[in-house]
Amino acid sequence: MKIKSLFKIPATGQEVTVRGWVRTFRANRFIALNDGSTLGNIQCVVDFESMDEELLKKISTGAAIKVTGNYVESQGKGQAAEIQVTELYVYGEADPESYPIQPKKHSLEFLREKAHLRVRTATFSAVMRVRSALAFGVHKFFREEGFQYVNTPIVTGSDAEGAGEMFRVSSLDTKNPPLKEDGSVDFSQDFFGKETHLTVSGQLEAETYAMGLGEVYTFGPTFRAENSNTTRHLAEFWMIEPEMAFFDLDDNMDLAEKFIKSVLTYILKECEEDLIFLDNRLTQEDKTKPQAERSELSLLEKIKFVVENDFKRVSYTEAIEILKNSKPNKKKKFKFHIDEWGADLQSEHERFLVEKHFKCPVILYDYPATIKAFYMRMNEDQKTVRAMDILFPGIGEIVGGSQREERLDILKERIKAMGIDEEELWWYLDLRRFGSAPHSGFGLGFERLVLFATGMSNIRDVIPFPRTPQNAAF
Ligand code: ATP
Ligand code: MN
């Protein structure tokens, strides 16, 4: 039986078998066993007088075992029920001298170096169960909204977006690549007959599918070779990108807000126990921080706050006014001073707006065209585009989206102005040549959502094996 199922049934002395990994073994008598199905451990009580002594010696933290016994109401405090062991089988021992995950508090940094074993701790198993439930919540939401799930390519031949921050995919001999006459590498002899990269976004391809299936979403890995060693950036992360025909920017914002609220509501119900545990963990961690850095709300309160309150919608122009007149700007506390309209917002500005000014999730929209991508729809003012970013407390940007430019002539102008090769985008432009229609979409970084939902503070701790600059261990 799974321990999770066991905890749901009355303990009437019936015989049960469970399998898992030993969390602790104390007094040669009490085994706390965990199988990953749930946060809690089942207490297994062995009668050391009748048990084989050699067998008991093999039991220590980390060992994989099978236990059969009678499931009874517990005599001791701390648990409602326990298993009185009649049979014990050890699949694999874990030498206490060398097994690194001991029953004590390990730092998150230490556990990052043991990423292959860290899921055997309460914290990481809770985080990964929440992550898994969130992923299911994502598919459930879109399915119920009538969206189709599409898989866009991971290897991409178009470098229109994100030039410079992409990883190259190549099968050329690195020691001896074929060269062109000018001495540069001849990628026409590479595997795909051209230069190819790992995708930074599935959006452009998703748009083609929206223009036939109507409402679609992608949910897949994305890669960025940006050297930003922050607590919110990974080189490999998972992105959810819905794309909807006939949606304008307001529809897009409505959907994004409904989507985030829906998946958070889903985990509040599905992961209650794990979230309470993570809530306590965060409260403990907060106590070690200086007063000013502590959060006013607990994790559960933060999640409920997002679910229950409208996101504040603010135009870029309004935001700039607020920032210009803000205390940190006047006192020159921002690293990047805001003095005029058109400035790109840095994460310090985003966090000021969300955490200090509005104190709630904020949707910023209508950004200057100059700081946004070529495909965003130009507004009447010829200065701003129909972009929107959703900013979250503690996280910063969690969603980036826009209404897409559906007018061929304007799109071509924008492509030219940004110095992108139009030829590269012939298929994308075809969408504007044949049955073009207003449409919108956004990208949500899945790990940023998991960060928010679990209260963890480093994105390296919400993905099983993080890829960051200088690190691709495991
Ligand atoms: P940021 O300014 O935080 O770098 P961005 O503007 O580069 O974000 P977009 O290109 O709009 O982000 O990507 C959409 C979403 O993908 C972001 O809102 C964010 O949630 C997520 N995201 C972007 N880059 C990363 C990354 N390196 N690691 C994890 N998530 C990311
Ligand atoms: Mn970025």
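This is a tutorial dialogue on reading a predicted model of a protein with one part of its surroundings, ligand 1, included.

Me: What should I know about the numbering and the type of model?
Reply: The model is predicted, so local features need pLDDT of at least 70 and side-chain atom pairs count only at pLDDT 80 or more, while totals for chains, interfaces and linings use all residues. Residues are numbered from 1 along each chain as its sequence is written, chains are lettered from A and ligands numbered from 1 in the order in which they are written, and side-chain values use heavy atoms, with hydrogens and water left out.

Me: How many helices and strands does the protein have?
Reply: Helices (H or I, at least four residues) and strands (E, at least two) are DSSP runs, numbered from the N terminus. Here they come to 14 helices and 16 strands. The C-alpha trace spans about 85 × 60 × 45 Å along its principal axes.

Me: How do I read burial, and what share of the protein is buried?
Reply: Buried means under 20% relative accessible area, exposed over 50%, and partly exposed in between (1.4 Å probe, protein chains only). Buried residues make up 50% of the 474 residues.

Me: Into which domains is the protein divided?
Reply: Domain bounds come from an automatic or database domain assignment. In this case they give domain 1 (3–100) and domain 2 (120–165 + 200–461). Taken over C-alpha atoms, the domain centres are separated by 44 Å. Nine residues from domain 1 and nine residues from domain 2 take part in the contact, where contact means heavy atoms within 4.5 Å.

Me: What is a nonpolar core, and which residues touch the most other members of the largest one?
Reply: A nonpolar core is a set of buried Ala, Val, Leu, Ile, Met, Phe, Trp, Tyr and Cys residues joined through side-chain atoms within 4.5 Å. The largest has 68 residues, and those touching the most other members are Phe-259, Ile-260, Leu-264, Ile-267, Met-388 and Ile-390. Both domain 1 and domain 2 give residues to this core, so it lies between them. A second, separate core of 29 residues includes Ile-320, Leu-345, Phe-374 and Met-376.

Me: What does Met-388 touch?
Reply: Leaving out residues up to four places away in sequence, the partners of Met-388 include Leu-249, Met-253, Ile-363, Val-399 and Phe-442.

Me: How do I read a sheet, and what is the strand order in the open sheet of eight strands?
Reply: Strands of a sheet pair through backbone hydrogen bonds, either parallel or antiparallel. Two strands count as paired if DSSP finds at least two bridges between them. The order here is E6-E10-E11-E16-E15-E14-E13-E12, with mixed pairing. Strand E6 (148–149) and strand E12 (312–315) stand at the edges with a single partner strand each, so one side of each is left without a neighbour in the sheet.

Me: How many bridges join E10 to E11?
Reply: Nine bridges join E10 (residues 215–223) to E11 (residues 236–245), and the two strands run antiparallel. Phe-219 stands opposite Ile-240 in E11.

Me: Which residues of helix H5 are buried?
Reply: An α-helix has 3.6 residues a turn, so residues three or four places apart point the same way. In H5 (residues 203–213), the buried residues are Gln-203, Leu-204, Glu-205, Ala-206, Glu-207 and Ala-210. These pack against E7, E10, E11, helix H13 (426–433) and strand E16 (439–445). Gly-214, with a positive phi near 95°, follows H5.

Me: Where does Phe-246 lie, and is Phe-246 buried or exposed?
Reply: Phe-246 lies in the loop between E11 and helix H6 (249–270). At 65% relative accessibility Phe-246 counts as exposed. Its phi is positive, about 70°, although Phe-246 is not a glycine.

Me: Which residues are closest to ligand 1?
Reply: A residue is near a molecule if one of its heavy atoms lies within 4 Å of it. Ligand 1 is surrounded by 15 residues, the closest being Arg-224, His-233, Glu-397, Ile-398 and Arg-448.

Me: What polar atoms lie by ligand 1?
Reply: A polar contact is a pair of N or O atoms within 3.5 Å; within protein, one must be able to donate a hydrogen and the other to accept it, and residues adjacent in sequence count only if both atoms are side-chain atoms. A polar side-chain atom of Glu-397 lies 2.7 Å from an oxygen atom of ligand 1. A nitrogen atom of ligand 1 is 2.9 Å from a polar backbone atom of Leu-234.
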